[in-house]
Amino acid sequence: MDHAMHHHTGTAPGATWSMAIRATLHCLLGCAVGEILGMVIGTALLWGNVPTMALAIGLAFVFGYSFTLFAVVRAGVSLKAAVKIALAADTVSIAVMELVDNAIIALTPGAMDAHLSEGLFWYALLGGFAAAFLVTTPVNKWMIGRGKGHAVVHAHH
């Protein structure tokens, strides 16, 4: 549903499910790239679960922010302003995504000890991403409806 077709629902124009889904998919992509890379690096270095998860979460934030940062800089915004926009747009979304995703992984029996070559590792990770997407999408819709989150980014597209 585009902006012209939006009907008033008590939220700001543009706070559509379609926009929230796109914002969440954008966030999910950055989180997935960062998390998988972190898991691969931590596993390759024979790190334990805690440092590997910390690296994966840190990289999820780095990649999540960087995707927005590059898009906003490409639109002509200064790097300093783009960093502020990325932080404002993505912090809550990435935090919710990471909280849900990592909780699913931590609560899946055996997933924390599964290796990259095992199906259980990938099922828990992908299941965590799916659950995180379902929880984060309404959060993003709510934030966009209040002029926060990805609504900040759309002012620069």
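**Exercise 1.** Take Thr137 in this predicted model: which residues does Thr137 touch, not counting residues up to four places away in sequence?

*Solution.* Start with the location: Thr137 is part of helix 4, which covers residues 119-145. Next, list the contacts, skipping anything up to four places away in sequence: Trp17, Ala20, Ile21 and Thr24. Finally, check the accessibility. Thr137 comes out at 6%, and buried means under 20%, so Thr137 is buried.

**Exercise 2.** Work out how many aromatic pairs the structure holds, then classify the pair Phe61 and Tyr65.

*Solution.* There are three aromatic pairs. For Phe61 and Tyr65, the ring centres are 5.9 Å apart and the planes make an angle of 50°. Planes under 30 degrees apart would be stacked and those over 60 edge-to-face, so this pair is tilted. Now the sequence: Phe61 and Tyr65 are four residues apart in helix 2, which puts about one helical turn between them. Tyr65 is buried, at 18% relative accessibility.

Now try Phe121 and Trp122: their centres are 4.9 Å apart with 90° between the planes, an edge-to-face pair. Phe121 is buried at 8%, whereas Trp122 is partly exposed at 29%.

**Exercise 3.** Find where Leu46 lies and decide whether Leu46 is buried or exposed.

*Solution.* Leu46 belongs to the loop between helix 1 (17-44) and helix 2 (49-74). Its relative accessible area is 76%, so Leu46 is exposed. Then look at the backbone: phi of Leu46 is near 60°, a positive value. Most residues other than glycine have a negative phi.

Key. Residues numbered from 1 in each chain as written. Predicted model: local features only at pLDDT ≥ 70, side-chain atom pairs only at ≥ 80, totals over all residues. Heavy atoms only, no water. Helix = DSSP H or I, 4+ residues; strand = E, 2+ residues; numbered from the N terminus. Buried < 20%, exposed > 50% of the residue type's maximum accessible area, 1.4 Å probe, protein only. Contact = heavy atoms within 4.5 Å. Phe/Tyr/Trp six-rings, centres within 6.5 Å; stacked < 30°, edge-to-face > 60°.
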